[in-house]
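Q: I've just opened this one and could use a quick tour. Can we go through it piece by piece?

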Amino acid sequence: MQLSNIYSQSGSQTLINRINQLTPNTTAQWGKMNVAQMLAHCNVSFEMAHNDNFKKSSPFLRFILKNLVKGGLVNEKPLKKNSSTAPEMVIKTEKDFAQEKQMLLSYLNNTVKLGENHFNGKVHPGFGVMTSVEWNVFLGKHLDHHLTQFGV
């Protein structure tokens, strides 16, 4: 699996081009979310990387997540369809497509602006300290998975 470098303008632009193919009526090829909920769900991942306002998991849960889950999310192996989702990332309410899309595009542009060094050593609320490479793989792989889910 070839992942985009979300810190580079060209890598980010590849993802932006795919996001711009989505419409409010784009339907999922699998899963339960509609397209606006999917965008909101992806925004949560970027919020974790850009903001420090997420409550950290308990030490026990962080240990479990770091040692049993993180490795599967920060490698280049694609995510499986209908993979389980962390409860804080489940979006059940209706969302505004245009607003969620704009927010995700802003996060991608801000990621390029901040640069790779900004994310090195940043703490994920469940996985603990992550390198900029791990953030790139986590965010890029997750976004790619959901864009593929919606056929773009």
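Q: Let's start with Phe119. Is Phe119 buried or exposed?
A: Buried. This is a predicted model, and in it Phe119 has 0% relative accessibility. The cut-off for buried is under 20%, so Phe119 counts as buried.

Q: How many aromatic pairs does a search of the whole structure find?
A: The search finds four. One of them joins the rings of Tyr7 and Phe119.

Q: What are the distance and angle for Tyr7 and Phe119?
A: The ring centres are 5.6 Å apart, and the planes sit at 35°. That makes the pair tilted.

Q: Where do Tyr7 and Phe119 lie in the chain?
A: Tyr7 is in the segment before H1. Phe119 is in helix H5, which covers residues 116-119.

Q: What about Trp135 and Phe138, what kind of pair do they form?
A: An edge-to-face aromatic pair. Centre to centre is 6.0 Å, with 70° between the planes.

Q: How are Trp135 and Phe138 placed in helix H6?
A: Trp135 and Phe138 are three residues apart there, so about one helical turn separates them. Trp135 is buried at 0% relative accessible area. Phe138 is buried too, at 5%.

Q: Which residues do ring pairs link into a cluster?
A: Phe127, Trp135 and Phe138.

Q: Switching to charges. How many salt bridges turn up in the whole structure?
A: The search finds one. The side chains of Asp144 and Arg18 meet in it, at 2.7 Å from N to O.

Q: Which parts of the chain does that pair link?
A: Distant ones. Asp144 is in helix H6 (residues 132-149), and Arg18 is in helix H1 (residues 9-19). They are 126 residues apart.

Q: Is Arg18 buried or exposed?
A: Arg18 is buried, with a relative accessible area of 16%.

Q: Pockets next. What volume does the largest pocket have?
A: About 1100 Å³.

Q: How many residues line the largest pocket, and which lie nearest its centre?
A: The lining has 42 residues. Nearest the centre are His41, Ser83, Ser84, Thr85 and Ala86.

Q: Which helix gives the most to that lining?
A: H6, with six residues. H2, helix H3 (59-73) and H6 each supply at least two.

Q: What's the lining like by class?
A: There are 18 nonpolar, 16 polar and eight charged residues.

Q: Back to single residues. Where is Gln37 found?
A: Gln37 sits in helix H2, residues 35-50. At 7% relative accessibility, Gln37 counts as buried.

Q: What does Gln37 touch, leaving out residues up to four places away in sequence?
A: Lys32, Ile91, Lys92, Thr93, Glu94 and Lys95.

Q: Last one, Gly31. Where is its place?
A: Gly31 is in the loop between H1 and H2. With a relative accessible area of 43%, Gly31 is partly exposed.

Q: What is Gly31 in contact with, beyond its neighbours in sequence?
A: Leaving aside neighbours within four places, Gly31 contacts Asn82 and Gln149.

Q: And what separates the C-alpha atoms of Gly31 and Phe127?
A: A distance of 25 Å. Along the chain, Gly31 and Phe127 are 96 residues apart.

Terms used: Residues are numbered from 1 along each chain as its sequence is written. This is a predicted model: local features need pLDDT of at least 70, side-chain atom pairs count only at pLDDT 80 or more; totals for chains, interfaces and linings use all residues. Side-chain values use heavy atoms; hydrogens and water are left out. Helices (H or I, at least four residues) and strands (E, at least two) are DSSP runs, numbered from the N terminus. Buried means under 20% relative accessible area, exposed over 50%, partly exposed in between (1.4 Å probe, protein chains only). Contact means heavy atoms within 4.5 Å. A salt bridge is a side-chain nitrogen of Lys or Arg within 4 Å of a carboxyl oxygen of Asp or Glu. Rings of Phe, Tyr and Trp (its six-membered ring) pair if their centres lie within 6.5 Å; planes under 30 degrees apart count as stacked, over 60 as edge-to-face and the rest as tilted. On a 1 Å grid over the protein atoms alone, a cavity is a set of points where a 1.4 Å probe fits but cannot get out, and a pocket is an open set with protein on both sides within 12 Å along at least five of seven lines; lining residues have an atom within 4 Å of a point. Grid points are joined across faces, edges and corners, and a volume is the space filled by probe spheres set on the points. Ala, Val, Leu, Ile, Met, Phe, Trp, Tyr, Cys and Pro count as nonpolar, Asp, Glu, Lys and Arg as charged, and the others, Gly among them, as polar.
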